[in-house]
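Work through the exercises below with the structure open. Each task is followed by a solution in steps.

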Amino acid sequence: MFVDGRQVPEGTIIETDLAIIGGGAAGITIAREFAGTGVRVALIESGGFDFDADTQALYEGEIGGVDYTLDGSRLRYFGGSTNHWGGWCRPLEKEDFEKRDWVPHSGWPITRDDLDPYYPRAAEICQLHSTNFDDPEGWKTDKPVEPLPLAGDEVMTRFFIYSPPTRFGEVYRPDIKKAENVTCYLNSNVLEIVPTENAAEVDHLRVATLQGNGFTVKPKTVVLATGGIENARMLLLSNSVATAGLGNQNDMVGRYFMEHPHIPYPADILITDEKLVPAFYRTYTPVEKAVMRGCFMFTPEYLARTGRLGTVMTFYPREEVKAAYTPPKDGDATPEKKAEREAAHKLDAGILQAVRSSTALPAKNDALGWRFGIGCASEQQPNPDSRITLSEEKDALGLNRTKLTWRLKGTDATSLHQNVRALARAWGGWGEGRIRIMFQDREEWTEAEGWGNHHMGSTRMAADAKQGVCDADCRVHGMSNLYIAGSSVYPTTGTVNPTLTLVALAVRMADHLKTRFANTQPGETL
Amino acid sequence: MADATLSRRNVLILAGAAVAVSAIPLAVSMSEPEQLGLENSLTGIMAGPKAIALIGHRWMDQGGEQSNVAALSRRIAKKLRDQGWTPKATTGETRTAMAKITRADFANDDMVLVDNWALSRSCVELCALAALMNEGGPKSEAAGEAARPHG
Ligand SMILES: Cc1cc2nc3c(=O)[nH]c(=O)nc-3n(C[C@H](O)[C@H](O)[C@H](O)COP(=O)(O)OP(=O)(O)OC[C@H]3O[C@@H](n4cnc5c(N)ncnc54)[C@H](O)[C@@H]3O)c2cc1C
């Protein structure tokens with residue numbers, strides 16, 4: 001059921017078994033997993049059912065490092081950022097969970113095997129209609145799904161599967177409405193998670209609306225699910241008892257913030273015949289009930305051998321290249337622009353003729369080939385100096401705003417550059433095309449060409465409390481009943497989009513909490 | 001009149017070759033017959049000599065190796081010979097050998113960046129050869145060449 005927090009009388013105390021802070025992908029998933037159980041759930045959501053500018057403004061903040069947008073990269077109303085996500089889904093690789101000697105601070109306290117039982121359910125929740133992420137032969141179609149026969153063992157074809165994209169707030173609203181044991185408080189902002197005196201257990205949550213009324217929630221267990229940036233801010237803001245914030249006894253909260261740098265133009269491809277590129281690589285491709293797309297990733301062997309971070313690449317056709325140059329019909333172009341275009345065409349034609357003079361056959365007519373564009377997203381190395389702290393500025397609720405200091409390393413750029421080079425080897429060795437390496441190596445990487453709106457790492461999981469904020473169950477170190485859901489718990493980011501994995505982790509957490517509730521005596525705190 | 005030091009045999013060979021390499025200027029006529037056969041073979045696999053000459057020029061302009069026709073063709077020929085190629089090879093056979101050495105370059109990360117295009121060193125050498133052979137011809141007419149028949 002839904003309750004508008006603005007109607008809750010000032011000073012009300014709500015007792016519940018489980019409080020979930022934040023009704024986004026993670027929070028809604030956990031609440032649904034508990035629907036119909038005997039556990040009383042309070043899902044506390046800052047926004048209503050629609051976008052509201054005043055609520056959204058609570059997400060504004062200060063930027064320190066690489067330029068970024070704090071309020072533009074997430075949404076603060078029921079459904080959270082899934083109200084505008086793109087739906088690209090793929091699990092993390094097995095190796096993403098492992099400690100890699102060449103990636104400082106890598107290694108999860110759980111393995112891919114621990115998460116494997118939960119990915120199918122996550123795929124269902126994200127409405128993927130398939131979990132065939134790796135096997136070309138696993139797609140049952142009239143025309144076989146055949147990966148490009150690129151050379152060598154460095155590059156591999158894998159698949160993204162698209163969520164419609166599931167708007168969690170719309171699709172799962174009826175489930176929350178129907179669930180008698182789940183109450184979702186809308187327009188209700190948690191201001192602080194207040195612990196007991198020894199800061200080892202959550203005592204209550206202070207909640208307020210933008211209209212000014214406030215109430216208290218007294219839960220047995222709390223899941224913090226306010227998104228990849230806000231989770232860290234919420235812990236830092238919860239400082240009335242533990243002055244550094246909850247879970248921050250080792251100064252780990254907010255550190256290791258990571259994104260997936262997205263490069264819109266890391267490389268170009270010239271290929272002799274666009275028909276060589278199967279349709280499933282180029283765009284959203286319906287197969288059976290699912291919608292998938294082929295992408296390039298780098299093999300674990302290559303990454304281990306060369307000490308690189310991962311990159312994922314997709315590509316799409318741009319234009320045909322003919323031997324003779326026909327200027328486009330736009331009379332407005334300056335003579336310099338026209339000359340530039342003609343020169344670019346000659347270069348393309350020259351490259352294609354070089355391909356056709358070495359590894360491919362000469363053209364039968366004027367059509368030399370096609371130019372394709374590539375987009376990519378890359379992993380960044382965990383970096384303690386890339387961090388979320390509290391700004392001096394206050395929001396409309398009187399809370400310190402977020403200060404985000406996102407930092408990338410020169411070595412992140414080197415890794416991406418070298419991966420594009422590996423793609424050039426694979427493509428050139430195949431023989432029907434060549435790669436133009438547009439992303440250059442650099443000593444420092446101070447400006448991001450783009451990002452994925454993927455907020456990861458700032459409340460990282462670690463077995464050792466000195467190395468992270470929460471343990472393998474995502475329970476905050478040193479606290480008995482505070483859990484964290486969402487991509488802020490990722491110690492490393494992998495290469496692909498985070499939501500499928502955070503939904504799998506949310507289902508896993510629900511399982512874990514159900515067991516704990518089942519083993520707890522009435523009245524006992526978890 | 002041809003160079004007075006050339007033998008009658010050489011002159012005949014050169015005259016014949018001139019048909020096949022009509023686009024190739026003076027430098028070639030100074031070559032030995034075997035050298036000429038080699039250049040003919042290499043010219044034979046150039047899908048668009050003027051277009052690839054542009055790539056060769058770009059490479060040399062950006063500081064890539066400066067060489068001459070004879071040295072470049074000998075270097076390419078050596079790599080081709082390692083693949084079992086002989087100057088008597090057909091264009092198809094030469095093309096196959098060229099493909100092999102190009103692929104080997106990529107496998108060995110022996111790539112050359114020309115305007116950021118990652119090309120195999122051997123292929124760029126072929127482009128440079130086209131550029132040197134084309135020297136004196138209009139470099140800017142690289143595009144627009146008719147397609148050449150399959151070898
Ligand atoms: C434009 C865009 C495109 C994206 N595309 C993709 C994609 O293609 N694939 C992919 O995997 N991921 C994508 N993402 C990321 C994806 O949206 C997030 O990973 C996902 O929504 C995170 O889920 P979450 O539940 O952790 O956080 P959110 O979905 O952000 O939910 C957090 C919730 O907490 C609420 N909240 C915040 N603070 C408080 C508070 N103090 N009290 C109460 N409630 C609070 C918010 O209102 C919100 O509803 C995209 C993101 C954006 C912005």
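This is a predicted model: local features need pLDDT of at least 70, side-chain atom pairs count only at pLDDT 80 or more; totals for chains, interfaces and linings use all residues.

**Exercise 1. The interface of chain B and chain A**

Which side chains meet in a salt bridge at 2.9 Å, N to O?

Solution. 
Step 1. The pair is B:Asp109 and A:Arg425, whose side chains form a salt bridge with an N to O distance of 2.9 Å.
Step 2. Between chain B and chain A, the count is two salt bridges.
Step 3. The rule also finds eleven residue pairs in polar contact across this interface.
Step 4. On the chain B side, the elements that give two or more residues are helix H3 (49–61), helix H5 (91–107), strand E1 (111–114), strand E2 (117–120) and helix H6 (121–133) of chain B.
Step 5. H5(B) supplies the largest share of that side, with six residues.
Step 6. Sorted by class, the side of chain B that touches chain A has 21 nonpolar, six polar and seven charged residues.
Step 7. For the extent of the interface, 34 residues of chain B contact 37 residues of chain A. The size of an interface is often given as the accessible area lost when the parts come together. Here the two chains bury about 3100 Å² between them, and 65% of it is on carbon and sulfur atoms.

**Exercise 2. Strand pairing between the chains**

Which strand of chain A pairs with E2(B), and in what sense?

Solution. 
Step 1. The strand is E19 (residues 433–437) of chain A, and the pairing with E2(B) is antiparallel, over two bridges.
Step 2. To locate the pairing by residue, take A:Arg436, which stands opposite B:Trp117 in E2(B).

**Exercise 3. Strand E16 of chain A and its partners**

Find strands that pair with E16(A), and state how many bridges join each of them to E16(A).

Solution. 
Step 1. Strand E11 (residues 262–263) of chain A runs antiparallel to E16(A) and is joined to it by two bridges. A:Ile263 has A:Cys376 as its bridge partner in E16(A).
Step 2. Strand E12 (residues 267–271) of chain A is also antiparallel to E16(A), over four bridges. Here the bridge partner of A:Ile269 in E16(A) is A:Phe372.
Step 3. Strand E15 (residues 311–322) of chain A pairs with E16(A) in the antiparallel sense over eleven bridges. In this pairing A:Val321 stands opposite A:Gly369 of E16(A).
Step 4. Now check the burial of E16 (residues 367–378) of chain A. Ten of its twelve residues are buried, so the strand is largely enclosed by the rest of the structure.

**Exercise 4. Helix H1 of chain A**

How many residues of helix H1 (residues 25–34) of chain A are buried?

Solution. 
Step 1. Nine of the ten residues of H1(A) are buried, and the helix is mostly covered.
Step 2. Among the buried residues are A:Ile28, A:Ile30, A:Glu33 and A:Phe34.
Step 3. A:Glu33 has 11% relative accessibility and therefore counts as buried.
Step 4. After the helix comes A:Gly36, with a positive phi near 85°.

**Exercise 5. Backbone angles in the loops of chain A**

Where does a cis peptide bond occur, and what is the phi of A:His129 and of A:Ala199?

Solution. 
Step 1. The cis bond joins A:Pro164 and A:Pro165, with omega about 5°. A:Pro165 is in the loop between strand E6 (155–162) and helix H5 (168–171) of chain A.
Step 2. A:His129 is not a glycine, yet its phi is positive, about 65°. This residue sits in the loop between helix H4 (119–125) and E6 of chain A. Its relative accessibility is 56%, so A:His129 counts as exposed.
Step 3. A:Ala199, also a residue other than glycine, has a positive phi near 60°. The loop that holds A:Ala199 runs between strand E8 (189–195) and strand E9 (202–208) of chain A.

Technical notes. Residues are numbered from 1 along each chain as its sequence is written. Chains are lettered from A and ligands numbered from 1 in the order in which they are written. Side-chain values use heavy atoms; hydrogens and water are left out. Buried means under 20% relative accessible area, exposed over 50%, partly exposed in between (1.4 Å probe, protein chains only). Contact means heavy atoms within 4.5 Å. Buried area is the accessible area (1.4 Å probe) that two parts lose on being put together, summed over both. A salt bridge is a side-chain nitrogen of Lys or Arg within 4 Å of a carboxyl oxygen of Asp or Glu. A polar contact is a pair of N or O atoms within 3.5 Å; within protein, one must be able to donate a hydrogen and the other to accept it, and residues adjacent in sequence count only if both atoms are side-chain atoms. Ala, Val, Leu, Ile, Met, Phe, Trp, Tyr, Cys and Pro count as nonpolar, Asp, Glu, Lys and Arg as charged, and the others, Gly among them, as polar. Two strands pair if DSSP finds at least two bridges between them.
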